[in-house]
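Visitor: Hi! Could you walk me through this one in plain words?

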Amino acid sequence: MTWLRGLRARLVITFVLVGGLSAVGAAGLTYYKAQNNLLGGVQDRLLKDFRNRVLLLSRDVALPAGDEELALLAEDLEVGDREVYVVRDGAIPSDARITAELRASVLRRPELAWQRVVRDGVPYLVGGSRVMLRAGGTPSGITVYLVESLAQAAADEAAVLRAAQAAALPVVLLAVLAGLLAARGVLRPVADLDRAARRLGEGRLETRLPVRGGDELARLAGRFNETAAALERSVGELREMEARSRRFVADVSHELRTPLAAATAVTDVLEAGADRLDADAGTAARLITAEVARLTKLVDDLMEISRFDAGAAVLNLNDVDVGAAVAACLRSRGWSSGVTTDLPPDIRVPLDPRRLDVIVANLVGNALRHGAPPVTVRVRATGQAVAIEVADHGPGLPADVLPHVFERFYKADAARARSEGSGLGLAIARENALLHKGDLTVAPGPGAVFTLTLPRNHPAGEPPVRTSPSGNYP
């Protein structure tokens with residue numbers, strides 16, 4: 001029933017309700033007027049005629065009147081289908097349509113009393129009056145009763161009601177048609193606005209709406225166009241600023257590589273001779289060496305990030321034995337003895353060995369530095385993907401940190417403004433995973449559990465890929 005919540009349905013329902021209520025109101029008013037004019041008019045006319053005839057004909061009745069005179073008076077009062085009963089006061093007429101309630105009302109008051117009675121579905125007007133003497137309004141002892149059918153008046157009234165009811169249906173249909181036309185007129189610009197907003201949300205900032213007329217919807221379209229134009233300008237400025245920022249980082253990083261290379265050569269000499277220097281000079285030499293190494297790593301990371309941002313990162317795919325590649329990464333860094341591994345052989349995946357090495361080295365290095373033993377690395381394969389899981393048994397990551405661990409320059413401990421890492425390692429690792437059309441996720445352990453997922457078949461037509469002729473990883 002969700003369609004009932006739509007604007008079209010609500011407009012049609014509103015028009016139908018308004019039209020239906022108007023039709024019902026008009027039919028009710030028509031019926032009320034018809035009832036008053038038809039049935040009420042017939043009733044008043046009959047009662048008035050009966051009262052006048054009783055006054056006129058009762059003057060010739062001799063008192064005390066016998067049965068024959070009463071019968072003659074009744075005969076004179078009968079007109080058409082009217083039935084008249086003339087009895088002495090207190091006598092009960094033979095017609096059951098003359099109720100005890102009416103007889104009691106007639107005997108209590110001098111004027112004509114009446115009521116409507118329905119017998120076998122036919123309405124009747126039943127009235128009665130005591131005949132009064134001309135002198136002083138003294139009762140004559142005679143009572144006259146009238147019984148007249150109102151079937152024709154009721155039939156006319158019912159016909160008017162049926163006509164009013166029949167007229168209500170076209171009104172409702174017209175209301176539905178008017179509602180659909182109004183909904184179409186209102187919903188067309190609303191639908192255009194919905195499509196334009198969706199295109200705008202997809203990044204097509206050149207989207208504009210045609211402005212027709214001068215009503216509220218036209219003003220809304222104009223406002224939308226103004227907002228879209230302002231957004232396009234703002235986003236253009238932001239994109240330009242971002243591009244300049246990326247170029248600046250890339251240029252600075254590139255320019256720093258040459259002096260850093262020279263500084264690294266100098267620090268290598270200083271580190272080699274640090275033991276021959278006095279204590280303070282040796283400490284300073286080692287500090288300079290560490291800081292230059294840290295700066296070199298930061299510049300390398302910034303260069304790598306700038307390649308991802310510029311879309312210049314490429315894959316050099318090899319058919320790699322994942323377990324052997326992970327083992328080689330640990331062995332080259334001297335971590336084999338400090339890490340527990342579960343590396344099944346012959347799980348081969350098309351991937352870039354260098355980028356896999358960067359990911360695994362970053363995850364295992366973080367586990368060794370910030371976690372607690374045992375640090376474990378497991379490789380698991382399914383039909384569609386390979387998962388590399390790196391887990392430690394340290395304090396783990398707080399729940400509020402988990403959503404941010406892959407953000408650039410984010411550090412779980414904000415107080416560690418200076419540390420060995422730049423805060424870019426996990427960001428680069430995840431970018432490398434995404435470049436392979438895989439993913440890198442983190443979950444609480446005990447400790448922290450990072451899972452790298454890689455597809456076993458690299459999708460075709462993806463980012464720039466260069467395939468190496470080499471088939472194996474050492």
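Guide: Happy to. In helix α9, the buried residues are Gly425, Leu426, Ala427, Ile428, Ala429, Asn432, Ala433 and Leu435. Buried means under 20% relative accessible area, with exposed over 50% and partly exposed in between, using a 1.4 Å probe and protein chains only. This is a predicted model, where local features need pLDDT of at least 70 and side-chain atom pairs pLDDT 80 or more, while totals for chains, interfaces and linings use all residues. Residues are numbered from 1 along each chain as its sequence is written, and side-chain values use heavy atoms, leaving out hydrogens and water.

Visitor: What counts as a helix or a strand here?

Guide: Both are DSSP runs numbered from the N terminus: helices are H or I with at least four residues, strands are E with at least two.

Visitor: OK, back to α9. Why is it largely enclosed?

Guide: Eight of its eleven residues are buried, so α9 is largely enclosed by the rest of the structure.

Visitor: Which elements do those buried residues pack against?

Guide: The buried residues of α9 pack against α6 (279-310), β5 (315-321), α8, β10 and β11. Contact here means heavy atoms within 4.5 Å.

Visitor: Let's take α8. At what angle do the axes of α8 and α9 cross?

Guide: Roughly 145 degrees, and the axes of α8 (residues 353-370) and α9 come within 9 Å. Axes are lines fitted to C-alpha atoms, for helices over the stretch in contact, and angles run from 0 to 180 degrees between N-to-C directions. The crossing of α8 and α9 is left-handed, meaning that the near helix is turned anticlockwise from the far one by less than a right angle (clockwise would be right-handed). On the α8 side the contact includes Arg355, Val358 and Ile359, and on the α9 side Gly425, Leu426 and Ile428 are among the residues involved.

Visitor: And how far apart are the axes of α6 and α9?

Guide: Those axes are 11 Å apart, and α6 and α9 pack at an angle of about 35 degrees. This crossing is left-handed too. Asp301, Glu304, Ile305 and Phe308 from α6 meet Ile428, Glu431, Asn432 and Leu435 from α9.

Visitor: What follows α9?

Guide: Lys437, which has a positive phi near 65 degrees.

Visitor: Switching to the sheet: in what order do its strands come?

Guide: The order is β6-β8-β9-β11-β10, five strands in an open sheet with mixed pairing. Two strands pair if DSSP finds at least two bridges between them. β6 (339-342) and β10 (439-444) are the edge strands, each pairing on one side only. On average, neighbouring strands are turned by 15 degrees against each other, ignoring direction.

Visitor: Which strands does β11 bridge to, and over how many bridges?

Guide: β11 is antiparallel to β10 over six bridges, and seven bridges join β11 to β9, also antiparallel. Seven of the eight residues of β11 are buried, so β11 is largely enclosed by the rest of the structure.

Visitor: Which helices lie on that sheet?

Guide: α7 (residues 322-332) lies across β6, β8 (375-381) and β9, running at about 30 degrees to β9. α9 packs on the sheet as well, touching β10 and β11, and its direction makes about 130 degrees with that of β10.

Visitor: How many aromatic pairs are there?

Guide: One. Rings of Phe, Tyr and Trp (its six-membered ring) pair if their centres lie within 6.5 Å, and planes under 30 degrees apart are stacked, over 60 edge-to-face, the rest tilted. The centres of the Phe406 and Phe450 rings are 6.2 Å apart and their planes are at 85 degrees, so this pair is edge-to-face. Phe406 is in the loop between β9 (385-391) and α9 (425-435) while Phe450 is in β11 (residues 448-455), so the pair ties together parts 44 residues apart in sequence.
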